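Please look over the chain below before reading on.

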Amino acid sequence: MSASITVFLLAIPMSLGLAVAMDAPLEAGLISAAVGGIVAGLLGGTPLQVSGPSAGLTVVTAETIQIYGWRTTCAITIGAGLLQILLGSLRAARSALAVSPAIVHGTLAGIGVAIALAQLHIVLGGSPESSAVSNALALPAQLERVGPAAPLIGGLTIAVLVLWPRIPGRTGLIMRRIPAALVSVAVATAVAAFAAPSIARVDLPSWRSHALPEMPHGPVLGLATAVFTMMLVASLESLLAAVAVDKLAAGRSSVRSTGPAAERDGGQAGESTTGLAEPASGPAWPP
């Protein structure tokens, strides 16, 4: 129950934030979190994995929405889910063991750098550019016009996030039951409300009408590339998480699992089914 509440408290703001970042409908974030948690939780093959909107897919999905539009992106997501089901039926997840972890970490690290460069402009009180290269080139100019409020609030958020899990003693043991991310957001928001009332706030767009997927429009090669890229990034993240869960579960005799192979194949099966269910039930993106 405690773990479920923790995931819920983190998933809601993250889902809404990712929807805003990718220019997707707000309800897409909530539907993705709900469907991802239920479907992947039931079919994932392990009690320790959850699914939902992914920060690692932010760059890929945002670019797909910009090029093809929202409804075509939903159809691309369904295509990626079908491709994952095909690979899962062929037990392709086992072949992931032949891939060096450095390649997976390098892929996700590259996506993380792109996200970090964009967020750095926001922490400094500005607005991000359209690409990682543009964000890097515009950083010196952003540093010249930086204001004090946004960097201080951003630094406070990072400090609480880092120091909260390190609170010593019995008091710290009790306080650490509250997620550090939730505490950092609450503390920084409260400080900003009193000390920096003029600081920019999150601007949530209005809710859009419900939209179902449509037949893809665009060059066949481009659509196929988008489907393959979305499938590959989502699968790599899922398999990397499954390997991490294997290592955690191996040291806990109280955790019942169907085994590492089942977690890898089951994780991909749960994720691919989620990729199909989310667009079919409403606007969403891959877990």
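Ser131 counts as partly exposed because its relative accessibility is 29%, where partly exposed is the range between buried, under 20% relative accessible area, and exposed, over 50%, computed with a 1.4 Å probe and protein chains only. This is a predicted model, in which local features need pLDDT of at least 70 and side-chain atom pairs count only at pLDDT 80 or more, while totals for chains, interfaces and linings use all residues. Residues are numbered from 1 along each chain as its sequence is written, and side-chain values use heavy atoms, with hydrogens and water left out.

- Ser131 is placed in the loop between α5 (101-123) and α6, and its C-alpha atom is separated by 9.2 Å from that of Val59, a residue 72 positions away along the chain.
- Helix α6 (residues 132-144) has 13 residues and reaches 19 Å from its first C-alpha to its last, close to the 18 Å expected at 1.5 Å a residue; the expected span is 1.5 Å times one less than the number of residues.
- A kink of about 45 degrees lies in α6 at Ala138, shortly before the proline Pro140, the bend being the angle between axes fitted to the seven residues ending at a position and the seven starting there.
- Asn135, Ala138, Leu139 and Gln142 are buried in α6.
- An α-helix has 3.6 residues a turn, so residues three or four places apart point the same way.

**Overall architecture**

- The secondary structure of the protein chain comes to 11 helices and zero strands, with helices (H or I, at least four residues) and strands (E, at least two) taken as DSSP runs numbered from the N terminus.
- Of the 287 residues in the protein chain, 36% are buried.

**Helix α2**

- The 18 residues of helix α2 (residues 26-43) should span 26 Å at 1.5 Å a residue, and the end C-alpha atoms are 26 Å apart, which agrees.
- The buried residues of α2 include Leu26, Glu27, Ser32, Val35, Val39 and Ala40.

- Val227 is placed in helix α10 and is buried, with a relative accessible area of 18%.
- Val227 and Gly79 are 148 residues apart in sequence, yet 6.0 Å apart in space, C-alpha to C-alpha.

**Nonpolar surface patch and Leu182**

- Met1, Ile5, Phe8, Leu9, Leu10, Ile178 and Leu182 make a nonpolar surface patch of about 650 Å², with accessible areas coming from the Shrake-Rupley method with a 1.4 Å probe and only the protein chains shown counting as cover for residues.
- Patches are made of residues with over 30% relative accessible area and no salt bridge, like charges being joined within 9 Å and nonpolar side chains (Val, Leu, Ile, Met, Phe, Trp, Tyr) within 5 Å; a salt bridge is a side-chain nitrogen of Lys or Arg within 4 Å of a carboxyl oxygen of Asp or Glu.
- Helix α1 (residues 2-21) provides the largest share of the patch, four residues.
- Leu182 lies in helix α9 (residues 180-195) and counts as partly exposed because its relative accessibility is 31%.
- The C-alpha atoms of Leu182 and Pro13 are separated by 9.7 Å, although the two residues are 169 residues apart along the chain.
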